Amino acid sequence: MGIIDELKSIKEEQGLTDYKLGKLSMLYPQNVKAVLSNQGNPLFVTIEKIANALGYDVILKKRE
């Protein structure tokens, strides 16, 4: 499962709408919907804002 799928799953578990998650992440709801629908190629900072709004950090680590 990729990071976008994880974020979408967490959003659904928390019962958040795109509108509410947009408010929490300071993004437009349509941008949240586009990212979580795998539309386009979102910037890392956008993914990070959504993750932070859901109460998670995005951590990069080197592949082994």
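**View 1. Gly-22, a buried glycine in helix 2.** Gly-22 is buried, at a relative accessible area of 2%; buried here means under 20% relative accessible area, exposed means over 50%, and partly exposed is in between (1.4 Å probe, protein chains only). The residue sits in helix 2, where helices (H or I, at least four residues) and strands (E, at least two) are DSSP runs numbered from the N terminus. Not counting residues up to four places away in sequence, Gly-22 touches Leu-27 and Val-32, a contact being heavy atoms within 4.5 Å. Gly-22 and Val-32 are 10 residues apart in sequence, with 6.1 Å between them in space, C-alpha to C-alpha.

A quick note on the model: it is predicted, so local features need pLDDT of at least 70 and side-chain atom pairs count only at pLDDT 80 or more, while totals for chains, interfaces and linings use all residues. Residues are numbered from 1 along each chain as its sequence is written, and side-chain values use heavy atoms, with hydrogens and water left out.

**View 2. Ser-25, also in helix 2.** Ser-25 counts as buried at 3% relative accessibility. Leave out residues up to four places away in sequence, and Ser-25 touches Val-32, Lys-49, Ile-50 and Ala-53.

**View 3. Leu-21 and the nonpolar core.** The largest nonpolar core has 14 residues. Such a core is a set of buried Ala, Val, Leu, Ile, Met, Phe, Trp, Tyr and Cys residues joined through side-chain atoms within 4.5 Å. Those with the most contacts inside it are Leu-7, Leu-21, Leu-36, Ile-50 and Leu-54. Helix 1 (3-13), helix 3 (29-36) and helix 4 (44-53) are the elements that give it two or more residues. Zoom in on Leu-21: leaving aside neighbours within four places in sequence, its contacts are Lys-11, Leu-16, Val-32, Leu-36, Ile-50, Ala-53 and Leu-54.

**View 4. Lys-11, a buried lysine in helix 1.** Lys-11 belongs to helix 1 and counts as buried because its relative accessible area is 12%. Its partners, not counting residues up to four places away in sequence, are Leu-16, Thr-17, Asp-18, Leu-21, Leu-36 and Leu-54.

**View 5. Tyr-28 in the loop between helix 2 (18-25) and helix 3.** Tyr-28 counts as exposed, with 59% relative accessibility. From Tyr-28 to Tyr-56 is 28 residues in sequence and 19 Å in space, C-alpha to C-alpha.

**View 6. Stepping back to the whole chain.** There are four helices and zero strands, giving the pattern α-α-α-α along the sequence. The radius of gyration is 11 Å, which agrees with the value near 11 Å for a compact globule of 64 residues; it is taken over C-alpha atoms, and the globule rule is 2.2 Å times the number of residues to the power 0.38. The C-alpha trace spans about 40 × 25 × 20 Å along its principal axes. Buried residues make up 28% of the 64 residues. Of the contacts between residues at least 6 apart in sequence, 53% join residues at least 24 apart.
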